[in-house]
Amino acid sequence: MQNRSLGIYGFLISGQAVLVSIVIASIAYTIHQGSIYPSMLLLTVSLASRLVGLDISPLGYLAAMILSITMDMASVIPIYMAGLISSLAISYLILRTPRELWRYKAMESLKTLSLVLLAIPLSQYTWLVAIALRPQDPFPLGVVIMITLVMLISVILRGGRDLEQILEPLVRSPEALSKTYLYIARLLTIMSSIAYAVITTNPVPVVILIIAVMITRIATKKINTEYIKTITEIPVPLTILIYILIQ
Amino acid sequence: MRITLAGVILAISSILILIYSFHARSLLLLALSMMILMIFLKSYSDLSRLSRLIRSIEIRREVDRRYVEEGDEILVSVEVINRSRENVGRLEIEDLVPEPAKAMEEPLIGVSLPPGYIARLRYRVKLPSPGRYEFERVFIRLKDPLGLFTHEGSVDLVSMVVALPKPLGSMEAVSIASRNPGIWIKGLSLGGLYDLYSVRDYRYGDDARKILWKIFARRGELLVREDLGEVRSRSYVIIDIPRELWYIGKPPNTLAEGVARLSRGVIEGLVKSYSVVDAIICEETASRIVSGISRSYREKIYSLYLNLKPYRGCESSWILYNSLKYLDLVRRDMAILVTTPIGLAQTDPELMIPEVSRLGRNVYIAIYMPEDYSKEYMEILSVALPIIEDSGWGILVAK
């Protein structure tokens, strides 16, 4: 049902997809003039998608990215990925919308855009920290730091609220206290693990954190009782604390 | 909840970039892939939350006309109301058009819907064949803003439209109608100008002046007299459209469509000459009788073709003729069988001829022949027509 002919609604979606793909292909070729084939592939699939009337333009981006990877053209991959996300976001923005939803739509689109753009400062900051701590081979430490930072961001996103609103349930809704405690505990654990890893240039607490979080996630999926779920969250900060104390 | 093509591609490309970032030792690519995965997870959680709202979405469908002629266009509108208290960022509405109707615009729309708002999908549909069209299912798809996941729900909303066949065979219809025993001219017989035709039980709506009061006083029975000059003839029209006729010939001129048009032509001809028609049509495994199609009650003709579904029809002609045995049908002035050479070839004459003959004082068979009929049809008729002639039926061949 997804890949069927879409009529006027599809015309708007696939029409903009072709325009975006032309822009992206031009930018990608300007940045890396080593080969024109990924860009040509992207344009071909987009035009085919438009002609056939099937919404298959994302396949063009995938094909272009795979070809860029095989040709080791790392610099253009972010451009294609940005193109894919833009194409999907524009198809959302052009939907017929009442005025009341314009703000909501703008917020949703900005959230997506900010997450994609976050990759640039995040990678640069991580690179700087890693190169300062391990100048001889900064990449492995950079990977660990980055994964932890992404976990921190995901905790904030999963909370679905601004940091300043975290304490609100303490005042207004005593029932939500248990969730708030957990939220704060997770944030503190991640931050203390990063801080310890950066100060001591020892990535072990971060690795322990990642493994413990994975185990907790799997365990909580199997448990339905809310109180037991709360208990399963306790071992993660406890393990990190014990490790830091032992060291 | 299902993942869309865009979702699959985003997931695959982010994993590929993640792996490649280790090969290229690029923290930028690693960060990008992780951010994309995060967007992916966010979309999933957004839609999981929204999918609970699907029960709060109300759907209505309306069609502008319920009765049309074949080849006409109707306007279908589907309204979707968000009864929840949350914004539905991305919603697709798709209506399922019944075969063989053709949607002139794509019956699909994508909208954003705040609480309490109504989204409308309007599209025109052409009904190329006669019969009943059932619009049944409306699909609604909730999507996350990027359209990576979709949660589909459907509602069964039955809306029916009947497309009448265009009348065919006007000469044949006039020929049959001209053999009626009488026409209905209200009031002329009151002066005793016409001969008595029959005495029957009183029916609601009969003229009170026609009641036989003396008999009522003597025996308590309420009877009315009918005179020859004012009686309406009553006829049966038996329509034989077995399923396979829909697949013989090219749409919109299949054999089934030809028989439907001829049957309407015959009925219209009879009704125009003040006859009252009882039509018998078979749908799937049972026959249906639509009685009392007359000048003053023409709407009944819609009920007749309500029982004809394009590309369905009767399982076999045998069902139609066999059912006549078990229906409590009284003898009428006339019985007209509308069929095709294929219908005749499938029928046992020992079943068909006696069952149809007992329905009318005069029996006719109207055979629909397509313009480009083949040699086989003539061969069938060369066998069937002598048998029919022997049984005393009148034969009319319409093209």
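Which residue in strand 8 of chain B stands opposite Val78(B)? Let's find out as we walk through this predicted model.

## A four-stranded sheet in chain B

The residue opposite Val78(B) is Leu121(B), in strand 8 of chain B. These strands belong to an open sheet of four strands in chain B, whose order is 2-4-8-6 and whose pairing is antiparallel. At the edges are strand 2 (57–63) and strand 6 (102–103) of chain B, each of which pairs on one side only.

Further in, strand 4 (residues 73–82) and strand 8 (residues 118–126) of chain B are joined by nine bridges in the antiparallel sense. As a reminder for your notes, strands of a sheet pair through backbone hydrogen bonds, either parallel or antiparallel.

## A six-stranded sheet in chain B

Chain B also has an open sheet of six strands, in the order 15-14-13-16-17-18, and here the pairing is mixed. Strand 15 (286–293) and strand 18 (394–398) of chain B have a single partner strand each, so one side of each is left without a neighbour in the sheet. From one strand to the next, the twist averages 20°.

Now look at strand 13 (residues 234–239) and strand 16 (residues 332–339) of chain B: they run parallel and are joined by five bridges. Across this pair, Val237(B) stands opposite Ile336(B) of strand 16.

## Where the two chains meet

How many residues does each chain bring to the contact? Chain A gives 50 residues and chain B gives 40 residues. On the chain A side, at least two residues come from each of several helices, among them helix 1 (7–31), helix 3 (57–70) and helix 7 (138–159). Helix 4 of chain A gives the most, with eight residues. Sorted by class, the side of chain A that touches chain B holds 35 nonpolar, 11 polar and four charged residues.

One pair of helices lets you see the two chains together. The axes of helix 6 of chain A and helix 2 (residues 27–51) of chain B come within 8 Å and cross at roughly 135°. That angle makes helix 6 of chain A oblique to helix 2 of chain B, and the crossing of these two helices is right-handed. From helix 6 of chain A, the contact is made by Ala119(A), Ile120(A), Leu122(A), Ser123(A), Thr126(A) and Trp127(A), while helix 2 of chain B brings Leu27(B), Leu28(B), Ala31(B), Leu32(B) and Met35(B). These residues divide into nine nonpolar, two polar and no charged.

## Two helices packed within chain B

Helix 2 of chain B also packs against helix 1 of chain B, at an angle of about 155° and with the axes 8 Å apart.

## Details in the loops

Most residues other than glycine have a negative phi, and most peptide bonds are trans. With that in mind, here are some spots in chain B to look up. The peptide bond from Glu99(B) to Pro100(B) is cis, with omega near 0°, and Pro100(B) is found in the loop between strand 5 (88–95) and strand 6 of chain B. Another cis peptide bond runs from Pro251(B) to Pro252(B), with omega near 5°. Pro252(B) lies in the loop between strand 13 and helix 5 (255–272) of chain B.

Positive phi values turn up too. Arg25(B), in the loop between helix 1 (5–24) and helix 2 of chain B, has phi near 50°. Arg25(B) counts as partly exposed, with 15 C-beta neighbours inside 10 Å. For Glu284(B), phi is near 55°, and this residue sits in the loop between strand 14 (276–283) and strand 15 of chain B. Is Glu284(B) buried or exposed? Glu284(B) is exposed, because 12 other C-beta atoms lie within 10 Å and a residue with 12 or fewer counts as exposed.

Notes: Residues numbered from 1 in each chain as written. Chains lettered and ligands numbered in written order. Predicted model: local features only at pLDDT ≥ 70, side-chain atom pairs only at ≥ 80, totals over all residues. Contact = placed C-beta atoms within 7 Å. Nonpolar A, V, L, I, M, F, W, Y, C, P; charged D, E, K, R; others polar. Pairing = 2+ DSSP bridges. Axes fitted to C-alpha atoms, helices over the stretch in contact; angles between N-to-C directions. Parallel < 35°, antiparallel > 145°, perpendicular 65-115°, else oblique. Left-handed = near helix turned anticlockwise from the far one by under 90°. Buried ≥ 20, exposed ≤ 12 C-beta atoms within 10 Å, placed from the backbone.
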